[in-house]
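Me: Please examine the structure below and answer some questions on its helices and charged pairs.

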Amino acid sequence: MRYFIPLLLATNVIAQIGPNYERPETVTPPGYKGAVNWREARPLDTLPKGAWWRVFGDARLNELMERATAHNQTLKAAIARFDQARAGTGIARAAFFPTADINSAFTTQRTSPNMPSAFPLNGLHYVGPSYNVPLDFSWELDLWGKIRRQNESARADAAAAANLMQNVLLGMHADVATNYFRIRALDGELQTVRAAVGWRRQALDIARARVKAGAGSELEQAQAETEVATAEAEVSALQNQRDQLENAIALLTGTNPSAFKLGGNAGLLPSPPGVPAGVPTDLLERRPDVAAAERTLASTTAQIGVTKANFFPSIRLMGHGGYLSGDVAKLFEGNSLNWNIGPSIAVPMFAGGKNRAYMEKARAAHDEALANYRQAILVSFNDVENALAALRNLSTQTEAQHRARASAQEAAKIAHARYEAGTSPYLDVIEANRSLLITERACATLAGQRLIASVSLIKALGGGWDQNLPVTVPTTTPDPAARGSTAEKKGFLTKVKGWFKRD
């Protein structure tokens, strides 16, 4: 027996069933269409994501981001899922150690005089109390590496949950920034359309005065009234879009939409921050969704080893010892002591194909995770290319649109001057003003779209390009109703929980 335990402990280091995980090779294009060099994508989880939104220099946006980080319920759920996965690693790690339980029993019993016995009982039986205080001991020896594979899988699952938490954080910040810049663009459009309502009303007043003076026609007045009503309808439509985006930001910041208000800001939108030409290709590898997919693949690979170990014998070291007596006064005397110890070996013989089905299921799960990992890489390429194309094309479109606005402004001046001189009909003024309004609204929309494209690029690159930013863990406002809330951390338990607090 003294050689038995060291021998079995040695097997924990030697044998391990199942495939070892190796990151699959990925085929990538030689570079971006925007001339950025590539290399093989690998998740670099430790690189910082950073407060990338500060590159826009908008204090109001910074405030909204802080509120969203502290109060967003989806982020809190993602953090809770990470906590669950991390607790799962503790559960898996516990399988390395033996378990011991005290199962005390105090009963009144009657034994059967007909029970099997090595000697004749001749009707002898026992009626009376039984006091049993045993210590049950069990330890599964990791002979084939099954427990190690389970731990490997649990650690990979925890890492995937952490990456998915970062993905939720990144997506939430991107949604806040996107909706905020959409609102800013709508504020610019609203200012333009409301100004158009004002000068169209002035034109209507002039048309009415001309009709009264006999110098104008009722057709001109009707056309002017149509233009005023059309512009007022556009104001309502734009305001509806703005209200819905405001409510969306309220949800993202964990605020009741009825109690949230985002003031208007029709000032000029800033130019999009320039992406440095030498953006390191490592930034694409920082994408949390790619990292999560890779860790999930590692977890499913380890699960193949877990299911494969089910085909091999399992060995447990079992032990039982304690005190058994029919007299409580003699329960803890030496003569009441009883014990047994020894190995328990379970050899799988027949399970109706269950073990093989489990292994096939694990292999199929691995193949699914592999496809998801490759798809995540393709999606990351697609997102970056789309964002770069949007920035490039929107820049060209903005330049052309500004020229169109300048031409429309000049055309509106000429049409108005000719109408005042009586050489052109009022319809020319209407058409020129419509064109001017369209170009001005398009300029406001494009300014917002360029900023949104910048947000999309930053999100596609995993959250920014400044690698000197510190790594930050989302700090949320605790919910008093949550089981992990600080409201429950009192006295001694507070100190105990503090030993295991999140880093």
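Me: Which residues in α2 meet which residues in α4?
Reply: This is a predicted model, in which local features need pLDDT of at least 70, side-chain atom pairs count only at pLDDT 80 or more, and totals for chains, interfaces and linings use all residues. Residues are numbered from 1 along each chain as its sequence is written, and side-chain values use heavy atoms, with hydrogens and water left out. Helices are DSSP runs (H or I, at least four residues), numbered from the N terminus, and contact means heavy atoms within 4.5 Å. On the α2 side the residues are R60, L61, L64, M65, A68 and T69, and they meet L169, M172, H173, V176, A177, Y180 and F181 in α4.

Me: At what angle do helix α2 and helix α4 pack?
Reply: Axes are lines fitted to C-alpha atoms over the stretch in contact, with angles from 0 to 180 degrees between N-to-C directions. The axes of α2 (residues 59-71) and α4 (residues 146-213) are 10 Å apart, and the helices pack at an angle of about 145°.

Me: Which residue meets E66 in a salt bridge?
Reply: A salt bridge is a side-chain nitrogen of Lys or Arg within 4 Å of a carboxyl oxygen of Asp or Glu; the whole structure has 20. For E66, the N to O distance is 3.6 Å and the partner is R54. E66 is in helix α2, and 12 residues away, in the loop between α1 (4-14) and α2, is R54.

Me: How far apart are the end C-alpha atoms of helix α8?
Reply: The expected span is 1.5 Å times one less than the number of residues. For the 68 residues of α8 (residues 354-421) it should be 100 Å, which agrees with end C-alpha atoms that are apart by 94 Å.

How values were computed. Helices (H or I, at least four residues) and strands (E, at least two) are DSSP runs, numbered from the N terminus.
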